Amino acid sequence: MRWLPFRRAWHNPIFRGGLEAFMRHPTYRAHALNYLLALATVLFVTWPREGFVSLRDLPFTYNALGGWALITLAFVALTQGSHKVLETRALTLHDWLQLAPLRAGTFLRGYLAASLLEMVLLWALSLPLLLLAARVAGEPLSHVSQGMLIILVCVGSYRTVGVTLLTLLERDEFLLYILTRICYVCVILASGFVLPLANPVLAFADASIWPSRLSRWTLYGYPWRGWVATVGLHLLLAGAFYIIAGIRVHWVQRRGAALAASDGGPVDGHTS
């Protein structure tokens, strides 16, 4: 029973097609190599300065590396999430739903899982370098695990936002380009001033040994640190945009079935 979701994902044709494209496409390997080189550069530039730079007891090397990873992955998640992950990029969402006799939910889950493959790879590449930085800065493994959780949840939610924007605006590439950049500025820069609990970089710093960066809050009588609220807000964000994407995919599928029926064409049972 535990492996049932993974078996369903493996048998999803959209996910398997995305996985095959991910394994064959050299762009993803280039992105991973460039990302790893960028993190290594930040690590070896900040490492010698750990003992000389003091930012109110903030572990300099660890937080510089984690902040850079979050800033980079957030941009990749939003911008690349708004691009089609399958090799047949000329096909629209309507074309895919007509060619693949799948339910809208099955299609969306498979597509989103395939789109998240790149983010999981880049997230995993961050772990060994963050462990090195944590050792230099004196961070315990519990803080590293909290930081990795923050990165995974935030980046995954941004990729969900990117995929949702793609389902809504796939025919208007210029507007899609503008909106993804606006979303990036809002989540990385503007949120730090307007809603600090929604800022992933501040949450990463709050999960380190730097105390009281974000305000604590109480839920059901229990005090929680600020980064927990950040994770919760991003899970809500991902859920909301997943629902929006699901509504959009269902609408496109029903509209395609109605057009096929009005033209006298066959309507598949899965798409009705």
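Helix α7, residues 117-137, packs against helix α8, residues 141-169, at an angle of about 155°, and their axes lie 10 Å apart. The axes are lines fitted to C-alpha atoms over the stretch in contact, with angles from 0 to 180 degrees between N-to-C directions. The two helices, α7 and α8, are therefore roughly antiparallel, a term for angles over 145 degrees. On the α7 side the contact (heavy atoms within 4.5 Å) is made by Glu118, Met119, Trp123, Leu127, Leu130, Leu131 and Ala134. From α8 come Leu141, Val144, Met148, Ile151, Leu152, Val155 and Arg159. By class, this contact of α7 with α8 has twelve nonpolar residues, two charged and no polar ones; Ala, Val, Leu, Ile, Met, Phe, Trp, Tyr, Cys and Pro count as nonpolar, Asp, Glu, Lys and Arg as charged, and the others, Gly among them, as polar.

The model is predicted: local features need pLDDT of at least 70 and side-chain atom pairs pLDDT 80 or more, while totals for chains, interfaces and linings use all residues. Residues are numbered from 1 along each chain as its sequence is written, and side-chain values use heavy atoms, leaving out hydrogens and water.

The chain as a whole has eleven helices and two strands, which are DSSP runs of H or I with at least four residues and of E with at least two, numbered from the N terminus. Their order from the N terminus is α-α-α-α-α-α-α-α-α-α-β-β-α.

Of the 272 residues in the chain, 43% are buried, meaning under 20% relative accessible area with a 1.4 Å probe, protein chains only. Among contacts between residues at least 6 apart in sequence, 74% join residues at least 24 apart.

Terms used: Buried < 20%, exposed > 50% of the residue type's maximum accessible area, 1.4 Å probe, protein only. Parallel < 35°, antiparallel > 145°, perpendicular 65-115°, else oblique.
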